[in-house]
Amino acid sequence: MRSLPAHSDPVSGIDFSPDGTLVASCSTDGLIRIWDSSTGQCLRTLVHEDNPAVANVCFSPNGRFVLASNLDNCIRLWDYVAGSVKKTYQGHKNEKFAVGGCFGVLDGWPFIASASEDGDILLWDVISKTVLQRVQGHKKGVCFWVDVHGETMVSAGQDNTIRVYRHVAGGRTKSAPRPNGVLTNGTNGSLTENEEFPVELPIRQEEDTTMEL
């Protein structure tokens, strides 16, 4: 249909909006672009002041926000209409590889899940940016990707495995609340999700807004 000269560096990630009308792209040039999928027109270009390379992007479930994984150990939630960063999530490691994350909802509680170069999977509360849980998923090498569907989560790692996790109701850490449960590895039994992990603080405070994802 068409070929778009999208970025000056390799395109590292793309995603459709839920209704299919938009496409988000990102690149190691540090830019995120929003495209009209029917015309190929670039509607918006997003760039952070530090201009870190962007490894992956995904739309929120309602298509209102874009989640961007940057190679500076940060994940940023963009309001692409306003062109501003609303939240920055930290606690995982991402400096060399294109690792991916996504949105999830448990019992009406929205969270963000992301892979990490140390093999772990991190879950954040969308609004408070609190680290809800650190799952020790892939003990050898990088965890490249994580995806959530309902109460099931799946991850892919450098250890040649795909790991499937399930939601277990009733779990809670002392350091941070969880969405009424924890995720455990359904193939290897319970992971170390009941250990206490410190809450990671953001580098800078963004505008705290109530967001429907």
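Colleague: Which residue in β4 is the bridge partner of R33?

Modeller: T45 is the bridge partner of R33 in β4. Keep in mind that this is a predicted model, where local features need pLDDT of at least 70, side-chain atom pairs count only at pLDDT 80 or more, and totals for chains, interfaces and linings use all residues. Residues are numbered from 1 along each chain as its sequence is written, and side-chain values use heavy atoms, with hydrogens and water left out.

Colleague: OK. How many bridges do β3 and β4 pair over, and in which sense?

Modeller: Five, in the antiparallel sense, with β4 covering residues 42–47. Strands here are DSSP E runs of at least two residues, numbered from the N terminus, and two of them pair if DSSP finds at least two bridges between them. β3 and β4 form a hairpin with five residues between them, and G40 in the turn has a positive phi of about 80°.

Colleague: And on the β2 side, what joins β2 to β3?

Modeller: Five bridges, with β2 (residues 22–27) and β3 running antiparallel. C26 has I32 as its bridge partner in β3. β2 and β3 make a hairpin too, with three residues between them, and G30 in that turn has a positive phi of about 90°.

Colleague: How many of the residues in β3 are buried?

Modeller: Five of its six, so strand β3 (residues 31–36) is mostly covered. Buried means under 20% relative accessible area, exposed is over 50%, and partly exposed is in between, with a 1.4 Å probe and protein chains only.

Colleague: Switching to charges. How many salt bridges does a search of the whole structure find?

Modeller: Five. The criterion is a side-chain nitrogen of Lys or Arg within 4 Å of a carboxyl oxygen of Asp or Glu. One of them is R64 with D79, where the closest N and O atoms are 2.5 Å apart.

Colleague: Where do R64 and D79 lie?

Modeller: R64 lies in the loop between β5 (54–59) and β6 (66–70), and D79 in strand β7 (residues 74–79), so the pair ties together parts that are 15 residues apart in sequence. R64 is partly exposed at 32% relative accessibility, whereas D79 is buried at 6%.

Colleague: What else does R64 do with its charged end?

Modeller: The charged end of R64 sits over the ring of F65, 5.5 Å from the ring centre. The cut-offs for that are NZ of Lys or CZ of Arg within 6 Å of the ring centre and within 35 degrees of the ring normal.

Colleague: Which residue does R76 meet in a salt bridge?

Modeller: D72, at 2.9 Å from N to O. R76 is buried, with 2% relative accessible area, and D72 is partly exposed at 25%. Elsewhere, salt bridges that share partners join D118, D120 and R134 into one network.

Colleague: New topic, aromatics. How many aromatic pairs turn up in a search of the whole structure?

Modeller: Three. Rings of Phe, Tyr and Trp (its six-membered ring) pair if their centres lie within 6.5 Å; planes under 30 degrees apart count as stacked, over 60 as edge-to-face and the rest as tilted. F59 and Y80 have ring centres 5.8 Å apart and planes at 90°, so they are edge-to-face. F59 lies in strand β5 and Y80 in the loop between β7 and β8 (84–89), so this pair ties together parts 21 residues apart in sequence.

Colleague: Are F59 and Y80 buried or exposed?

Modeller: Both F59 and Y80 are buried. Another pair is Y89 and W124, with centres 6.1 Å apart and planes at 55°, so that one is tilted. It links distant parts of the chain, with Y89 in strand β8 and W124 in strand β11 (residues 121–125), 35 residues apart. Y89 is buried at 0% relative accessibility, and W124 is buried at 0% as well.

Notes: Helices (H or I, at least four residues) and strands (E, at least two) are DSSP runs, numbered from the N terminus.
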